[in-house]
Amino acid sequence: MTDHQTTARRFSTGRWRRLRSLRVRLIAVFAAVALLAAVSASGIAYWLNRDAVLKRAQDTALNDFRLSLTRNVSELPLNASCPELATLASNVASSGLTYDVVVVDQAHPECTASSDPAHFTLADVPTALQSTVAKPREVSESNPYPYHLYWQRQNLEGRPFVIGGTKVVPNGPTAYMFKSLENERADLNTLGWSLAIATLLALIGSALLAQAASATVLRPVKRLGDAARRLGQGHLDTRLEVEGSDELADLARTFNRAAESLHEQVEELSAREAQSRRFVADMSHELRTPLTAMTAVTDILEDEAESLDPMIEPAVRLVVSETRRLSDLVENLMEVTRFDAGTAKLVADEVDVADLIMSCIDGRAWYDAVELDAPRGILAVVDPRRLDVVFANLIGNALKHGGSPVRVKVRQDGKSVVVEVSDSGPGIPEDVLPHVFDRFYKADRGRARSEGSGLGLSIAMANAQIHGGTITAANGEVGAVFTLTLPLTPPPPPSEGEAEGGPAGDAAEDKDAT
């Protein structure tokens, strides 16, 4: 997978995570609001209904108890016996509503009459209720009776009851009513389950609504993300369709304006860069013809320099050296133009890397200053001419700026070949290391002129990259170390857009950055 594909996949994955997170947040907000509203409404409805149901049940039972007690107590004789109190309790409890009655009399404190003695006795009546029922209130205009009917809700053996009690007359019996609220509790439980189901349905409905709303919101965001990705891939004509007049539409308009401005700026910069490349290429081609003639003349002048007037000889030798330097600069500029235009082409062949380095060293008479550690048998498919330029630049710069001995070490690392060129000089300043492969970069900005053109290492890097490799610069224990890494088999060339490259020229022999 290429770096571009990996970057696109990472962008797509990150964008999907962001969208998914935003969708989850929207659904969570909708669900939280719906849950809060549903729980609040259900809780209020439950408590209102609970109070209404319980109040209705207890009021009905208490009113019936009062009427039944009033109706039956008139038949009770004074100082009634226990059987008579039991009869009163049964008569009051048989009024039609299902409740039980317990009757006690001060005249017979040992006697407690109950309509259901097996389940209800005076001990089941809360102490606080007994004390309140037995306590008379002051009689006044607003309170004509000293005794009243009081009630209290109480759980007996896990069952809910409303217990009411009243004293009939100052010297009469006291009666207590036990009314079960089981039916009301069952009704309230049913109501609670119904409200819980309604809350769950509201939560599910809110989640579906949030999903629909998030899809509506995130669809333009997704289109914006796709457009930004295409724009980042170089499709500068990417535009978004603007719909509506909301904030998302304003965002789409802003994106379109930014894309249009970027498109115009890139086109302007591309036009300027193309003009600069054409200028360099045209200038280099135009200079080649006079330089060819000048080179021929300088060769003749160099041969005849010793027979010239001693006053003229230095000037002739200066013209010869500068003409050759200008010729090398033009060749390097033409090579750079080929790389920039994408027309540089590999003429690859399988060669022994050790033989290629030996040929480079012998051809330039560097064998006395270079220590070579290159085992034979490391075969690589390379362009010998372009790789010779790389070796010549690296070794030549090491000899010129680092000093001998220069050590060249070759080794195979998996499916790659690694060539290390180290010198014995002071090394490269740390602030210069990141720029050693930049074109025309000079470590000493005060030097307006140097022997090299400042293009040698950049051309070496371009030749390594066209092979699918790279060159790195670092400082070793002694001196600088340049490491060339090449695959044993170069990447396949582009199918279109290539033209035959011209000669790469001799080594630039320039290391102005070091």
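**Figure 1. Surroundings of Asn 72 in the predicted model.** A polar atom of the Asn 72 side chain lies 2.7 Å from the backbone oxygen of Ser 68. The model shown here and in the other views is predicted. Asn 72 is found in helix α1, which covers residues 3–73. With a relative accessible area of 13%, Asn 72 is buried, the cut-off for this being under 20%. Leaving aside residues up to four places away in sequence, Asn 72 touches Leu 88, Asn 91 and Val 92.

**Figure 2. The antiparallel sheet β2-β1-β5-β4-β3.** This open sheet has five strands, in the order β2-β1-β5-β4-β3, and the pairing is antiparallel. The edges are taken by β2 (108–114) and β3 (150–156); each has a single partner strand, so one side of each is left without a neighbour in the sheet. Direction ignored, neighbouring strands of this sheet are turned by 20° against each other on average.

Figure 3. Six bridges link strand β1 (residues 99–105) with strand β5 (residues 174–180) in the antiparallel sense. Val 101 has Met 177 in β5 as its bridge partner. Helix α2 (residues 82–93) packs on the sheet and touches β1 and β2. The direction of α2 makes about 150° with that of β1. Helix α3 (residues 127–134) also packs on the sheet, where it touches β3, β4 (159–167) and β5. The direction of α3 makes about 165° with that of β3.

**Figure 4. The mixed sheet β7-β9-β10-β12-β11.** Five strands in the order β7-β9-β10-β12-β11 form an open sheet with mixed pairing. Its edge strands, β7 (370–373) and β11, each pair on one side only. From one strand to the next, the twist averages 15°. Helix α8 (residues 384–402) packs on this sheet, touching β7, β9, β10, β11 and β12. The direction of α8 makes about 170° with that of β12.

**Figure 5. Strand β10 and its two partners.** Strand β9 (residues 406–413) pairs with β10 in the antiparallel sense over seven bridges. Within this pair, Val 408 stands opposite Val 421 of β10. Strand β10 (residues 416–422) is also joined to β12 by seven bridges, and these two strands run antiparallel. The bridge partner of Val 418 in β12 is Thr 485.

Figure 6. Strand β12 (residues 480–487) has seven of its eight residues buried, so it is largely enclosed by the rest of the structure. Strand β11 (residues 470–475) pairs with β12 over six bridges, in the antiparallel sense. Thr 472 has Thr 483 as its bridge partner in β12. The two strands, β11 and β12, form a hairpin with four residues between them. In the turn, Gly 479 has a positive phi of about 80°.

**Figure 7. The whole chain, as context for the close-up views.** The secondary structure comes to nine helices and 12 strands. Of the 514 residues of the chain, 37% count as buried. Among contacts in the chain with a separation of 6 or more, 66% are between residues 24 or more positions apart. The chain exposes about 29300 Å², of which carbon and sulfur atoms supply 56%.

Methods:
Residues are numbered from 1 along each chain as its sequence is written. This is a predicted model: local features need pLDDT of at least 70, side-chain atom pairs count only at pLDDT 80 or more; totals for chains, interfaces and linings use all residues. Side-chain values use heavy atoms; hydrogens and water are left out. Two strands pair if DSSP finds at least two bridges between them. Axes are lines fitted to C-alpha atoms, for helices over the stretch in contact, and angles run from 0 to 180 degrees between N-to-C directions. Contact means heavy atoms within 4.5 Å. Buried means under 20% relative accessible area, exposed over 50%, partly exposed in between (1.4 Å probe, protein chains only). A polar contact is a pair of N or O atoms within 3.5 Å; within protein, one must be able to donate a hydrogen and the other to accept it, and residues adjacent in sequence count only if both atoms are side-chain atoms. Accessible areas come from the Shrake-Rupley method with a 1.4 Å probe; for residues, only the protein chains shown count as cover.
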